[in-house]
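Welcome, and please take a look at the model below. The notes after it walk through some of its side-chain pairings, contacts and surface.

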Amino acid sequence: MNTRFSAVGTALLAAALFGAATPLAKTLLGSLSPFLVAGLFYLGSGIGLGCAILVQRTRRTKSERTHESRIQAAEVPWLLAAIAAGGIAGPAFLMFGLSSTPAATSSLLLNLEGVLTAAIAWVVFRENVDLQVFLGMMAIVAGGVLLSWHPGVTSAPIGALLIVCACLCWAIDNNLTRKISTNDAMVIACLKGLVAGSVNLTIALILGAHLPSAATVAAAMATGFAGYGVSLVLFVVALRNLGTARTGAYFSVAPLFGVALSLMIWPDAPSVFFWLASVLMALGVWLHIRERHEHPHTHRPLAHNHRHRHDEHHQHEHSFAYSGDKPHTHAHVHLPITHSHAHFPDIHHRHTH
């Protein structure tokens, strides 16, 4: 139970940090080029996490550095595809779509990311879903629609289609990242930030944008570090423990945190839509938290490398000294085992039903 709430808390904290980045960007960046904003945010996340990784590794022992998880050659295509889809194509589609689409319509369409993420996870990757999880996802999405609903606003066809394409790119990114989520989440997020930031910043400069003052650049990169970098690290950890669809559902409550922070920055009486959306999203989260998926299942042989404790899934010998009293990282093999317990579609439970 503690593991369950820890994983849910991780996903919700990722959503809170990402949601908070939107109103903070509004206060910091004003009328800067959208590609410049994306570039500074992503670069801030990549550079910030890179510094954190260096500090972290200087504190590790030689043995810990020897056994730490590293992205394997076979996983590189998944990582590059995720970066291309979510860090390059997604922002590009969004920026062009926003130029011809009303803000209210854009907010509504962006709710499609959670739906498409879950749809790909359920249909393409065969991730488990039951009625309760499905209803929880629908409640969260409905809350997102209400939160961004402005009566009387109609969509612009071309711009709307581009924003839908952006949501599809991010949904693909989420599902591809799931394939490499056993690796160091900080390394994954750092690489995404550095590559996506460099590409978006280059595009902005080619299109004629100019860098703002050093103070604005620093503020933007700091916001990106928290809202894009730390948030993505937490998102990858949640993917590892909850699966893609469930993590995507929790992450879909991000707009609620963004609106709440906006109301604190620009005090105003919350609309009835805000309260209705809050109730729907809380209902969706509650439906997900109370899920109990349990049945006899068989683990096939599996070899991977991730941080773990010894439990019913991790009963292996070591070629190095290990006292068994703390989490550790090394390549290990799971032997076949059949048992029954409550579980999520995490990295150890990706079986068919």
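## Rings, charges and a surface patch

Phe 235 is buried, with a relative accessible area of 4%; buried here means under 20%, exposed means over 50%, and partly exposed is in between, with a 1.4 Å probe and protein chains only. Before going further, please note that this is a predicted model, in which local features need pLDDT of at least 70, side-chain atom pairs count only at pLDDT 80 or more, and totals for chains, interfaces and linings use all residues. Residues are numbered from 1 along each chain as its sequence is written, and side-chain values use heavy atoms, with hydrogens and water left out.

### Aromatic pairs

How many aromatic pairs does the model hold? Rings of Phe, Tyr and Trp (its six-membered ring) pair if their centres lie within 6.5 Å, and planes under 30 degrees apart count as stacked, over 60 as edge-to-face and the rest as tilted. By this rule there are six aromatic pairs. One of them joins Tyr 42 and Tyr 228: the ring centres are 5.1 Å apart and the planes stand at 85 degrees, so this pair is edge-to-face. Tyr 42 belongs to helix 2 (residues 34–58) and Tyr 228 to helix 10 (residues 214–242), so the pair ties together parts that are 186 residues apart in sequence. Helices are DSSP runs (H or I, at least four residues), numbered from the N terminus. Tyr 42 is buried, with a relative accessible area of 15%, while Tyr 228 is partly exposed, with 24%.

Phe 235 is in helix 10 and Phe 251 in helix 11 (residues 244–251), so to speak distant parts of the chain, 16 residues apart. Phe 251 counts as buried, at 14% relative accessibility. Ring pairs link Phe 18, Phe 41, Tyr 42, Tyr 228, Phe 235 and Phe 251 into a cluster.

Lys 179 lies over the face of Trp 78, at 4.9 Å from the ring centre. For this, NZ of Lys or CZ of Arg must be within 6 Å of the ring centre and within 35 degrees of the ring normal.

### Salt bridges

Side chains of opposite charge can pair when their charged atoms come close. A search of the whole structure finds three salt bridges, each defined as a side-chain nitrogen of Lys or Arg within 4 Å of a carboxyl oxygen of Asp or Glu. Here they are:

| Salt bridge | N to O distance |
|---|---|
| Glu 127 and Arg 178 | 3.6 Å |
| Glu 127 and Arg 246 | 3.8 Å |
| Asp 173 and Lys 192 | 2.6 Å |

Which residues are linked in a network of salt bridges? They are Glu 127, Arg 178 and Arg 246. In the bridge between Glu 127 and Arg 178, Glu 127 sits in the loop between helix 6 (112–123) and helix 7, and Arg 178 in helix 8, 51 residues apart. Both of these residues, Glu 127 and Arg 178, are buried. Glu 127 has a relative accessible area of 5% and is buried, and Arg 246 is buried with 1%.

The bridge between Asp 173 and Lys 192 joins helix 8, which holds Asp 173, to helix 9 (residues 185–206), which holds Lys 192, and the two residues are 19 apart. Asp 173 and Lys 192 are buried.

Is Asn 175 buried or exposed? Asn 175 is buried, with a relative accessible area of 1%. Leaving aside residues up to four places away in sequence, Asn 175 touches Thr 117, Ile 120, Ala 121, Phe 125 and Thr 244, where contact means heavy atoms within 4.5 Å.

Leu 232 lies in helix 10. With residues up to four places away in sequence not counted, Leu 232 touches Ala 189 and Lys 192; Lys 192 is the partner of Asp 173 in a salt bridge. The C-alpha atoms of Leu 232 and Leu 17 are separated by 9.3 Å, although these residues are 215 residues apart along the chain.

### A nonpolar patch

Val 129, Leu 131, Phe 134, Leu 135 and Met 138 make a nonpolar surface patch of about 420 Å². Patches are made of residues with over 30% relative accessible area and no salt bridge, with like charges joined within 9 Å and nonpolar side chains (Val, Leu, Ile, Met, Phe, Trp, Tyr) within 5 Å. Accessible areas come from the Shrake-Rupley method with a 1.4 Å probe, and for residues only the protein chains shown count as cover. Leu 135, one of the patch residues, lies in helix 7 (residues 131–147). At 42% relative accessibility, Leu 135 counts as partly exposed.
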